[in-house]
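Subject: Structure handover and notes

Dear colleague,

I am passing on the structure below, together with some notes on what was found in it. Please read the notes with the structure open beside you.

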Amino acid sequence: MIETLKTTVCKLDGGMKAQATVREFTINMDEPQELGGSNTAANPVETLLAALGGCQVIAAYSFAKSFGINLEEFRVEVEGDIDTDGFKGKAGVRTGLCEVRFKIFIKTDAPQEKAEEFVTFVENICPVGDSLKNTVTLNCTDIVIER
């Protein structure tokens, strides 16, 4: 069953601050000072990396029991490479991430093979990871001019 998830994002006063509203939650974003921000929050790309790690952690704890894994701890370190020259408008430079790497730390009494099988399952079940690995159709459905 397809479910539509929604968010609204607007600019906050001062610098490059933006705020997303998702259900009853808010997510603040900003840019570092070297990109014109005031460095009061993670930037949108960092938030994307955090979303990947968060999705994997939630997936691990959601499925550990049914997978027969006694999960004492599960954490993810995520890093990504981006050339900020693309965001600054340099021709021929991609604006998005060119590589994302992550390291998974799992504390369990499960045998090595079962733990590795579980981690592979977590990687494959994570919707954020799937969205990053595979092509996602991205459509601007309308442009509303407000006066």
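The secondary structure of the chain comes to four helices and five strands, and along the sequence these elements follow the pattern β-β-β-α-β-α-β-α-α. Please keep in mind throughout that this is a predicted model.

On overall shape, the C-alpha trace spans about 60 × 35 × 30 Å along its principal axes. The radius of gyration of the chain is 18 Å, whereas a compact globule of 147 residues would have one near 15 Å. Of those 147 residues, 22% count as buried, and among the contacts between residues at least 6 apart in sequence, 41% join residues that are at least 24 apart.

An open sheet is made of three strands in the order S1-S2-S3, with antiparallel pairing. Its edge strands are S1 (8-11) and S3 (25-29), each of which pairs on one side only, and the twist from one strand to the next averages 20°. S1 is joined to S2 (residues 18-22) by four bridges, the two strands running antiparallel, and in this pairing Cys10 stands opposite Gln19 of S2.

Two loop residues deserve a look at the backbone. Arg23, in the loop between S2 and S3, has a positive phi of about 50° although it is not a glycine; because its relative accessibility is 66%, Arg23 counts as exposed. Asn39, which lies in the loop between S3 and H1, also is a residue other than glycine with a positive phi, in this case near 60°, and with a relative accessible area of 52% Asn39 is exposed.

Helix H3

Helix H3 covers residues 112-125, and at 1.5 Å a residue its 14 residues should span 20 Å, which agrees with the 20 Å found between its end C-alpha atoms. Which residues of H3 are buried? They are Ala115, Phe118, Val119 and Val122, and, seen down the axis of H3, these buried residues fall within an arc of 100°, so they line one face of the helix. On the face of H3 turned away from the buried side are the exposed residues Glu113 and Asn124. As for what the buried residues of H3 pack against, the partners are helix H1 (44-67), strand S4 (71-82) and strand S5 (97-108).

Is Leu97 buried or exposed? Its relative accessible area is 14%, and because buried means under 20%, Leu97 is buried. Leaving aside residues up to four places away in sequence, Leu97 touches Val45, Leu48, Leu49, Gly80, Asp81 and Ile82. One of these, Asp81, is 16 residues from Leu97 in sequence, while the two C-alpha atoms are 5.6 Å apart in space.

Terms used
Residues are numbered from 1 along each chain as its sequence is written. This is a predicted model: local features need pLDDT of at least 70, side-chain atom pairs count only at pLDDT 80 or more; totals for chains, interfaces and linings use all residues. Side-chain values use heavy atoms; hydrogens and water are left out. The expected span of a helix is 1.5 Å times one less than its number of residues. Buried means under 20% relative accessible area, exposed over 50%, partly exposed in between (1.4 Å probe, protein chains only). The arc is that of the directions from the helix axis to the C-beta atoms. Contact means heavy atoms within 4.5 Å. Two strands pair if DSSP finds at least two bridges between them. Axes are lines fitted to C-alpha atoms, for helices over the stretch in contact, and angles run from 0 to 180 degrees between N-to-C directions. The radius of gyration is taken over C-alpha atoms; the globule rule is 2.2 Å times the number of residues to the power 0.38.
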